[in-house]
Amino acid sequence: MTTTDLGLPAVGDGSGLEPDPRIYAEELELALRNHAMPLEGLRYPVTPTGLHYTLVHYDIPLVDPDAWQLTLDGAVQRPLSLSLAALQRRPARTLRVTLECAGDGRALLSPRPLSQPWFYGAIGTAEWTGTPLRPLLDEAGLGPDVVDVLFTGLDRGIEGGVEQDYQRSLPLAEAQHDDALLAWAMNGQPLEPQHGAPVRLIIPGWYGMAHVKWLRAITALNEPFAGYQNAVAYRYSQSRAEVGEAVALMRVRSLLAPPGIPDFLTRMRIVERGPVQLSGQAWSGRSPITRVEVSTDGGASWAPAGLRSAEHPHAWQAWHFTWDAATPGVYELLCRATDATGAVQPVEQAWTARGMGNNMAQRVRVRVR
Ligand SMILES: Nc1nc2c(c(=O)[nH]1)N[C@H]1C(S)=C(S)[C@@H](COP(=O)(O)O)O[C@H]1N2
Ligand SMILES: [Mo]
């Protein structure tokens with residue numbers, strides 16, 4: 001039997017041992033450090049910064065912005081070193097981008113992979129301001145054999161028994177994407193410590209793990225990066241031993257803003273009979289949302305919702321639906337989105353060993369009174 005970093009049984013390791021269906025104290029501790037967006041945050045087109053989810057693998061580093069330097073080196077002709085002031089003198093852009101943690105929904109899986117136990121809401125949308133990455137790569141002069149660009153954070157820890165700086169690479173074409181930004185502001189304010197101050201990468205469309213925070217180095221590589229976060233942690237596989245496919249772009253997904261009022265402990269929603277206005281958001285990595293459907297009978301039947309067009313191509317799209325809740329009783333509501341590639345959210349979640357890319361249709365229990 002193998003164990004996780006916490007000394008708890010690892011899921012899907014072939015040992016046949018399943019974790020306790022109850023949440024472990026270690027998972028609760030992670031959940032308190034890394035908060036989700038309360039789902040009422042779906043009512044805002046741009047998530048207020050304090051409501052945006054956060055995920056930090058190790059510790060939030062203490063960084064002096066005046067002493068901070070970003071290096072750009074590796075397989076380049078002219079290595080660069082930039083201060084924050086130098087970076088901020090460069091052309092700036094602001095992009096509205098939805099970020100989602102690839103592990104969102106992990107705690108709904110059975111057996112439950114042991115990690116940050118997200119249920120819903122590892123999600124948020126912000127206006128990110130920074131300078132485009134591509135001109136910097138051009139200035140440094142990428143070598144002819146570059147295939148990957150590696151982003152290194154100032155945070156360090158141990159994961160899967162491996163001591164490491166937090167590092168993620170992007171394939172060259174993604175690092176050269178027009179909308180890849182080195183961002184120093186979120187919603188018009190300097191980045192807060194938990195969101196990567198003073199500078200983080202924003203790579204629209206990718207799950208959260210690619211948006212490296214507390215950036216200290218960018219390194220052009222002639223070989224694909226084989227570090228832990230790329231090669232081991234963020235994979236779709238049926239066991240921890242299996243390498244599987246790399247986690248990359250956000251899968252199509254939608255969420256429902258909580259209707260009515262909640263019961264404090266169970267979070268069951270209570271609404272009055274009659275027409276109920278339902279609304280939410282829908283998004284997909286690099287593809288606009290073309291359809292959102294709502295079910296008010298546990299998935300037996302579906303009806304189309306109204307959908308806002310994708311004015312901000314990297315941000316979620318609002319949807320709305322009027323439910324005629326004529327008869328008192330308990331109902332299960334679902335919403336599911338379809339994107340322009342034809343990808344649809346599943347109603348049942350396919351299980352993976354690390355609990356990544358969980359995009360099944362959300363279920364919300366509502367009592368009509
Ligand atoms: N340096 C560094 N960058 C990081 C992480 C981290 O732990 N260290 N976590 C990643 C993960 S898994 C996610 S989901 C996003 C979360 O970004 P947020 O906390 O600003 O929402 O940051 C990513 N960038
Ligand atoms: Mo994440």
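Strand 1 and strand 2 form a hairpin, with 5 residues between them. This is a predicted model. Ligand 1 takes up the space of the largest cavity. The points below cover the strands around the hairpin, an open sheet, the ligand site and some backbone details.

- Strand 1 covers residues 69-74 and strand 2 covers residues 80-83. The two run antiparallel and are joined by 4 bridges.
- One residue pair shows how they line up: Leu 72 has Leu 80 in strand 2 as its bridge partner.
- Strand 1 also pairs with strand 10, which covers residues 215-221. Here the sense is parallel, over 4 bridges.
- In this pairing, Thr 71 stands opposite Ala 217 of strand 10.
- In general, strands of a sheet pair through backbone hydrogen bonds, in either a parallel or an antiparallel sense.

- An open sheet is built from 4 strands in the order 13-16-20-19. Its pairing is antiparallel.
- Which strands stand at the edges? They are strand 13 (253-256) and strand 19 (306-307). Each has a single partner strand, so one side of each is left without a neighbour in the sheet.
- Strand 13 and strand 16 run antiparallel, joined by 4 bridges. Strand 16 spans residues 274-283.
- Leu 255 finds its bridge partner in strand 16, at Gln 281.

**The ligand site**

- There are 20 residues around ligand 1. Those that come nearest are Tyr 53, Asp 155, His 195, Arg 200 and Lys 213.
- What is the make-up of the shell around ligand 1? Its residues divide into 10 nonpolar, 7 polar and 3 charged.
- The side chain of His 195 has an N or O atom 2.7 Å from an oxygen atom of ligand 1.
- For Arg 200, a side-chain N or O atom likewise lies 2.7 Å from an oxygen atom of ligand 1.
- For His 52, the distance from a side-chain N or O atom to an oxygen atom of ligand 1 is 3.5 Å.
- How much of ligand 1 does the protein bury? Taken alone, ligand 1 exposes 530 Å², and the protein buries 100% of that.

**Backbone details in the loops**

- Most peptide bonds are trans, and most residues other than glycine have a negative phi. The next points depart from that pattern.
- Ser 110 and Pro 111 are joined by a cis peptide bond, with omega about -5°. Pro 111 is in the loop between strand 3 (93-100) and strand 4 (123-132).
- Another cis peptide bond joins Ala 197 to Pro 198, with omega about 5°. Pro 198 belongs to the loop between strand 8 (189-190) and strand 9 (200-202).
- Asn 187 has a positive phi, near 55°, and is a residue other than glycine. Asn 187 sits in the loop between strand 7 (181-186) and strand 8.

How values were computed. Residues are numbered from 1 along each chain as its sequence is written. Chains are lettered from A and ligands numbered from 1 in the order in which they are written. This is a predicted model: local features need pLDDT of at least 70, side-chain atom pairs count only at pLDDT 80 or more; totals for chains, interfaces and linings use all residues. Side-chain values use heavy atoms; hydrogens and water are left out. Two strands pair if DSSP finds at least two bridges between them. A residue is near a molecule or strand if one of its heavy atoms lies within 4 Å of it. A polar contact is a pair of N or O atoms within 3.5 Å; within protein, one must be able to donate a hydrogen and the other to accept it, and residues adjacent in sequence count only if both atoms are side-chain atoms. Accessible areas come from the Shrake-Rupley method with a 1.4 Å probe; for residues, only the protein chains shown count as cover. On a 1 Å grid over the protein atoms alone, a cavity is a set of points where a 1.4 Å probe fits but cannot get out, and a pocket is an open set with protein on both sides within 12 Å along at least five of seven lines; lining residues have an atom within 4 Å of a point. A molecule sits in a cavity or pocket if more than half of its atoms lie within 2 Å of its grid points. Ala, Val, Leu, Ile, Met, Phe, Trp, Tyr, Cys and Pro count as nonpolar, Asp, Glu, Lys and Arg as charged, and the others, Gly among them, as polar.
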